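Work through the exercises below with the sequence and the model at hand. Each task is followed by a solution in steps.

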Amino acid sequence: MIRTLVVDDQILIRAGLVALLRAAPGIDVVGEAEDGDGAVEVAARTRPDVILMDIRMPGLDGTAATERILAQAMDPLPRVLILTTFDLDEYVYAALRAGASGFLLKDTGPERLIEAVSAVAQGDMLFAPSVTRRLIESYVNRADAVPDTPAGLDVLTAREREVLRLAAKGLSNTEIAGRLHIGEATVKTHLNRTMTKLDLDSRAQAVVVAYETGLVVPGTP
């Protein structure tokens, strides 16, 4: 069971999230809080695996609460998934600096949200597609060159390139499997082989390579 803490200052939104997660198999809601100070206290007491954290709250905001929780927590550290109405770069970067594992908008569908909780619980980083595109575009448009970047993707099979392209677009493994009509385990196999062939350490690096090699062009749908 994924032990989950829900933090949001709006009681209706918080109650809706709690009800949604409690109805999902494999997820156990161990606590809820209405502000950052409450989140720090409840997190210390319940030791959740994943924290759904609102970012704008009175008093201690979600970014500061995330930083404090992670600084005080014992291993294994909880994974913090920021959930907010505001798709603004300053929130994204602040959340990343604080140690958040993901950033989703509150208009995210229920299935996507549950998948996100499971993904970050397993150690993945996850961002809303719009956020992913902006982060990558910002990265690849830097003035300084990125060293040791693979020159091309010729070593990949057609299927591996397609899986990489969809991952770079921000699709989850489940969504990629559905789009390509293959199993989720097969998607993971393709991504693992891709990272091995390109000598990469993470999915995030693979996504960057997809943009830098032109497999995905920034700004295109």
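**Exercise 1: a helix pair**

Task: identify which residues of α8 meet which residues of α9, then describe the packing of the two helices.

Solution. Step 1: N173, T174, I176 and A177 of α8 meet E184, V187, K188 and L191 of α9, where contact means heavy atoms within 4.5 Å. Step 2: sorted by class, this contact has four nonpolar, two polar and two charged residues. Ala, Val, Leu, Ile, Met, Phe, Trp, Tyr, Cys and Pro count as nonpolar, Asp, Glu, Lys and Arg as charged, and the others, Gly among them, as polar. Step 3: α8 covers residues 173-180 and α9 residues 184-197; helices (H or I, at least four residues) and strands (E, at least two) are DSSP runs, numbered from the N terminus. Their axes are 8 Å apart, at an angle of about 105°. Axes are lines fitted to C-alpha atoms, for helices over the stretch in contact, with angles from 0 to 180 degrees between N-to-C directions. Step 4: α8 and α9 are therefore roughly perpendicular, the term for 65 to 115 degrees; under 35 is roughly parallel, over 145 roughly antiparallel and the rest oblique.

The model is predicted: local features need pLDDT of at least 70 and side-chain atom pairs pLDDT 80 or more, while totals for chains, interfaces and linings use all residues. Residues are numbered from 1 along each chain as its sequence is written, and side-chain values use heavy atoms, without hydrogens and water.

**Exercise 2: the largest nonpolar core**

Task: find which members of the largest nonpolar core touch the most other members, and which elements supply it.

Solution. Step 1: a nonpolar core is a set of buried Ala, Val, Leu, Ile, Met, Phe, Trp, Tyr and Cys residues joined through side-chain atoms within 4.5 Å. Buried means under 20% relative accessible area, exposed over 50%, partly exposed in between (1.4 Å probe, protein chains only). Step 2: among the 21 residues of this core, V7, I51, M53, I69 and I82 touch the most other members. Step 3: at least two residues each come from β1 (2-7), α2 (36-46), β3 (50-53), α3 (62-72), β4 (79-84) and β5 (102-105). The most, four residues, come from α2.

**Exercise 3: a loop residue**

Task: is D54 buried or exposed, and where does it lie?

Solution. Step 1: D54 sits in the loop between β3 and α3. Step 2: its relative accessible area is 4%, so D54 is buried. Step 3: the contacts of D54 beyond four places in sequence include V7, D8 and K106.
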